[in-house]
Amino acid sequence: MSAPSTAIILTVNGEKVRETVEARTTLVDFLREGLGLTGSHVGCEHGFCGACTVRLDGAIVRGCLTLAVQCDGARVDTIEGVSDSGEIGDLQEAFQRRNALQCGYCTPGMLLTAQELLAQGGVPSREAIREHISGNYCRCTGYHAIVDAVESVARARAGGKS
Ligand code: FES
Ligand code: FES
């Protein structure tokens with residue numbers, strides 16, 4: 001017997017989506033398996049690692065701790081959307097230039113989290129950058145290069161040199 005389903009309407013990366021989901025379906029599973037947006041990753045599935053980070057009505061959330069049905073009427077932005085729009089082009093370029101990714105598993109969530117901080121404007125301290133990304137685990141880089149990349153983009157956006 002199949003589980004009861006609920007119809008939801010939401011906007012994903014600027015496009016209206018109408019789908020039917022089971023009450024237990026998480027947002028990240030809905031995005032990946034329902035919409036084929038596999039840029040959001042699934043790591044711990046318990047809210048610890050940040051691999052599933054997406055934006056919900058402008059604020060980053062854990063896609064593994066958010067149910068798809070909770071997103072009825074909401075706006076969801078994934079790494080595909082912010083990448084295609086060019087919003088984080090400079091940040092992606094900085095990650096590449098500064099070797100801030102290796103396997104890339106954490107990278108979509110890390111980019112969305114870093115962009116949330118950068119969108120506040122100004123040049124945050126390295127401590128503030130570390131604090132802001134502290135909920136996003138990276139098993140590869142040791143974080144130093146990620147902080148370098150985020151800091152360089154903050155300086156560039158503020159009008160300084162990267
Ligand atoms: S998969 Fe969601 S926080 Fe780890
Ligand atoms: S680059 Fe591999 S987990 Fe961060």
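**Exercise 1. Find how helices α3 and α4 are placed relative to each other, and which residues meet.**

*Solution.* Start with the axes: those of α3 and helix α4 (residues 107–118) come within 10 Å and cross at roughly 125°. Here axes are lines fitted to C-alpha atoms, for helices over the stretch in contact, and angles run from 0 to 180 degrees between N-to-C directions. Helices (H or I, at least four residues) and strands (E, at least two) are DSSP runs, numbered from the N terminus. This is a predicted model, where local features need pLDDT of at least 70, side-chain atom pairs count only at pLDDT 80 or more, and totals for chains, interfaces and linings use all residues. Residues are numbered from 1 along each chain as its sequence is written, and side-chain values use heavy atoms, with hydrogens and water left out.

Next, name the arrangement. α3 and α4 are therefore oblique to each other; angles under 35 degrees count as roughly parallel, over 145 as roughly antiparallel, 65 to 115 as roughly perpendicular and the rest as oblique.

Now look for contact (heavy atoms within 4.5 Å). From α3, Leu 91, Gln 92 and Phe 95 meet Thr 107, Met 110, Leu 111, Ala 114, Gln 115 and Leu 118 of α4. These residues divide into 6 nonpolar, 3 polar and no charged. Ala, Val, Leu, Ile, Met, Phe, Trp, Tyr, Cys and Pro count as nonpolar, Asp, Glu, Lys and Arg as charged, and the others, Gly among them, as polar.

**Exercise 2. Describe the packing of α3 with α6.**

*Solution.* Again begin with the axes. Helix α3 (residues 89–97) and helix α6 (residues 144–157) pack at an angle of about 140°, their axes 9 Å apart. This pair is therefore oblique.

Then list the partners. α3 brings Asp 90, Leu 91, Ala 94, Phe 95 and Arg 97, while α6 brings Ile 146, Ala 149, Val 150, Ser 152, Val 153 and Arg 157. Sorted by class, this contact has 7 nonpolar, 1 polar and 3 charged residues.

Notes
Chains lettered and ligands numbered in written order.
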